[in-house]
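Hello,

Here is the structure I said I would pass on. My notes follow below it.

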Amino acid sequence: MFKFLAIPAVAVSLLAVPAQAQETSVLFGHFKTLCGDGAGDSQRALVQAEAAGWAKVPSELFTSDPQNPFENVTAMMNAEDNGDLSILMVGSMSESVGPGASEMDMTVCAVMGGNFETNTAVKPDPRPFVQRWLNMDTHPSLNDQGMMGYAFNRDGTRLTAIRPTEAAMTQAALNGDLHIVMMNDEQLLEGATMIMYMRPAF
């Protein structure tokens, strides 16, 4: 599971300069604006990123990588004032959502950031910002391989945690109301920090 662990290798080819500390989480701000507020709507995220001046990344950087987990991907990048590089990635992939679970097609809206020359993670750590926004515990089925994840139902801006069982996750998916937010819990993705909003594609 978690095939997206290979994604940061693609970003090494994009120029970035050393990151500096900052008081707020720019990465979380991008994620919430582009992916979180739109419940993972990929087209909405692309429109907003383009309007904000983000640049489109050539798709060949992803399609030529045999470890690329996306079945299709559109990516855009933004050079931050502090020298970090932020990358928006939207598309789909097949993922299992817990240990021993079968794979399902997922739509993905993700924002990744860091310095890909020096493997310097973004500062401050965006994990507390994600936790405060969701206001729930991580789901045990999604905590694996250096990743942590939240599973919830959504009614507008109201987010309700899904019970900590794989059966409850499956039921939510079949009901069309499974929302997942994933991120790396140790900032070890080759210096990158990634936050993803995932939904079943069916």
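Met 182 sits in strand β7. The model is a predicted one, and in it Met 182 has a relative accessible area of 1%, so this residue counts as buried, the cut-off being under 20%. Between Met 182 and Ala 110 there are 9.1 Å, C-alpha to C-alpha, although the two are 72 residues apart in sequence.

On the cores: the largest nonpolar core is made of 30 residues, and Met 89, Leu 178 and Ile 180 have the most contacts inside it. At least two residues of this core come from each of β2 (72-79), β3 (85-96), β4 (103-114), β5 (147-155), α6 (166-174), β7 (179-184) and β8 (192-200). The largest share, five residues, is supplied by β4. Another core, of 27 residues, lies apart from this one and includes Phe 31, Cys 109, Val 122 and Leu 134.

What does Leu 178 touch, leaving aside neighbours within four places in sequence? Its contacts are Ala 151, Phe 152, Ile 162, Met 169, Ala 172, Ala 173, Met 198, Arg 199 and Pro 200.

β5 and strand β6 (residues 158-161) run antiparallel and are joined by four bridges.

Regards

How values were computed:
Residues numbered from 1 in each chain as written. Predicted model: local features only at pLDDT ≥ 70, side-chain atom pairs only at ≥ 80, totals over all residues. Heavy atoms only, no water. Core = buried A, V, L, I, M, F, W, Y, C linked by side-chain atoms within 4.5 Å. Buried < 20%, exposed > 50% of the residue type's maximum accessible area, 1.4 Å probe, protein only. Contact = heavy atoms within 4.5 Å. Pairing = 2+ DSSP bridges.
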